[in-house]
Amino acid sequence: MNYQSICPYMNQDAKKLPSDQNLILYFRHSIRFDNPVDGNYDPIMLTPEGIALANQIGASLDLPLGHFSSSPIGRCKQTIEEIARGAGMKHPDIHTNEAFVAMKGYDHATLLGTTWYEYFYSLQRGDTKKTGGVTLEQEAKPILDALFQTPQTLGALNLICSHDSHIVILASALFGLKTSLEHDDSWCKFTEGLFFYGTRQHFTALWRGEEKTFDHFLSAT
């Protein structure tokens, strides 16, 4: 599959995908406006640069688009709308799911004094004192469950747009991603994500040049 973005590994990973499977791209929204002074991120939408980037991604695709799912937050839905626009599709039907924005432990962890990047750093290293008792596996399982419960179209690219937090959680659980206590190159970039194909019980995932297959990962056997 042809896919052109600002994330070189994704462009390369896309070429490895089979064309006859239920292909899923689970990815972060495009470039947004800067962090809000009041700390409320929910209303923040894409910048003109972010819109153009999403259009570019859509225009580069050589597979049809299938099903669309998203976090309920506006910039995630906007990213899908602009990718679809770039692909020549108007008014995509986007289904939202709280699993693509909710986290089990972060709010409680902040009451313990844990910061944003520290929360994911601690999840990755099993420091439950910093996460309020929540494990990486507990954060990852609801995302994976929701991802594969989403309707999919064979032979098409199904888009699910989420947030950096959720991409980092899955990349950490599946590929052992380790991030830092502050923002650096290890952190998930705008429009970066993971490709998937298969079923919840048996799936293949691709992330930053790595490809791994999983059987019954964090699921009932």
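**Notebook: Leu 170, the fold and the cysteines**

I started at Leu 170, which sits in helix α8 (residues 164-175). Helices here are DSSP runs of H or I with at least four residues, strands are E runs of at least two, and both are numbered from the N terminus. I noted that this is a predicted model, in which local features need pLDDT of at least 70, side-chain atom pairs count only at pLDDT 80 or more, and totals for chains, interfaces and linings use all residues. Residues are numbered from 1 along each chain as its sequence is written, and side-chain values use heavy atoms, with hydrogens and water left out.

**Leu 170**

I looked up the accessibility of Leu 170: at 0% relative accessibility it counts as buried. Buried means under 20% relative accessible area, exposed over 50%, and partly exposed in between (1.4 Å probe, protein chains only). I then listed its contacts, a contact being heavy atoms within 4.5 Å. Leaving aside neighbours within four places in sequence, Leu 170 touches Tyr 26, Ala 140, Ile 143, Leu 144, Leu 147, Phe 175, Leu 194 and Phe 196. I also took the C-alpha separation from Leu 170 to His 108, 62 residues apart along the chain, and got 20 Å.

**Ala 52**

I next checked Ala 52, in helix α2 (residues 48-60). Ala 52 counts as partly exposed, at 45% relative accessibility. Its C-alpha atom is separated by 28 Å from that of Glu 210, 158 residues apart along the chain.

**Whole chain**

I counted eight helices and seven strands in the protein chain. The radius of gyration is 17 Å, close to the 17 Å that the globule rule gives for 221 residues, so the chain is as compact as a globular protein of that length. The radius is taken over C-alpha atoms, and the rule is 2.2 Å times the number of residues to the power 0.38. Along its principal axes the C-alpha trace spans about 50 × 45 × 30 Å. Buried residues make up 52% of the 221. Of the contacts between residues at least 6 apart in sequence, 69% join residues at least 24 apart.

**Cysteines**

I searched the whole structure for disulfides (pairs of cysteine sulfur atoms within 2.5 Å) and found zero. Cys 7 is in no disulfide, and the nearest cysteine sulfur, that of Cys 188, is 7.5 Å away. Cys 7 counts as buried at 3% relative accessibility. Cys 76 is in no disulfide either, with the nearest cysteine sulfur, that of Cys 161, 4.2 Å away. I recorded Cys 76 as buried, at 0% relative accessibility.
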